[in-house]
Amino acid sequence: MLELEEALSRILLAIQPLDAESIPLAEAHGRICAETISAALDLPAFDNSAMDGYAVRANEVTGASATKPVILRQLGRVAAGETFPDEVTAGGCVRVFTGSALPRGSDAVVMQEDTVADTATGQVQICD
């Protein structure tokens, strides 16, 4: 029986890469791009949330768990298409939704399933 490294070496010696070719985009499904492609501009032009949750400062919630939650105060909320006028400061978080622009001062989003919000006190427990 061949070792993995020997089998891989034999396969790579037996094959040759195909030449690159230009094809219409509609025919590109299942193909591999021969070169790196970069967009001319970022779209959207801002960092946005990929999920519903809370924008936070990552260093404040690292290590949070169900048995050792981190408690933050909710500073506000920002829906998709809106911007939050203030900055996420120490001990704070902002409710965000999918597509929302991330508020200044935040660098992570904790998904809502990993939180417990108390609307009466404005506190949010980060549990995971």
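View 1. Strand 6, residues 123-126, has a covered face formed by Val-124 and Ile-126, while Gln-123 and Gln-125 lie on its uncovered face. Strands (E, at least two residues) and helices (H or I, at least four) are DSSP runs numbered from the N terminus. The model is predicted, so local features need pLDDT of at least 70 and side-chain atom pairs count only at pLDDT 80 or more, whereas totals for chains, interfaces and linings use all residues. Residues are numbered from 1 along each chain as its sequence is written, and side-chain values use heavy atoms, with hydrogens and water left out.

**View 2. The neighbours of strand 6.** Strand 2 (residues 70-78) pairs with strand 6 in the antiparallel sense over four bridges; two strands pair if DSSP finds at least two bridges between them. Ile-71 has Gln-125 of strand 6 as its bridge partner. Strands 5 and 6 form a hairpin with four residues between them. In the turn, Gly-122 has a positive phi of about 80°.

View 3. The open sheet has the strand order 4-1-3-2-6-5, with mixed pairing. Its edge strands are strand 4 (108-111) and strand 5 (115-118), each of which pairs on one side only. From one strand to the next, the twist averages 35° (axes are lines fitted to C-alpha atoms, for helices over the stretch in contact, and angles run from 0 to 180 degrees between N-to-C directions). Strand 1 (residues 53-56) pairs with strand 4 in the antiparallel sense over four bridges, and Ala-55 stands opposite Val-109 in strand 4.

**View 4. Cysteines without a disulfide.** The whole structure contains zero disulfides, a disulfide being a pair of cysteine sulfur atoms within 2.5 Å. The sulfur of Cys-127 is 12 Å from the closest cysteine sulfur, that of Cys-93, which is too far for a bond. Cys-127 is buried, at 16% relative accessible area, whereas Cys-33 is partly exposed at 48%. Buried means under 20% relative accessible area, exposed over 50%, and partly exposed in between (1.4 Å probe, protein chains only).

**View 5. Ile-11 in helix 1.** Ile-11 is found in helix 1, residues 4-14. With a relative accessible area of 49%, Ile-11 is partly exposed.
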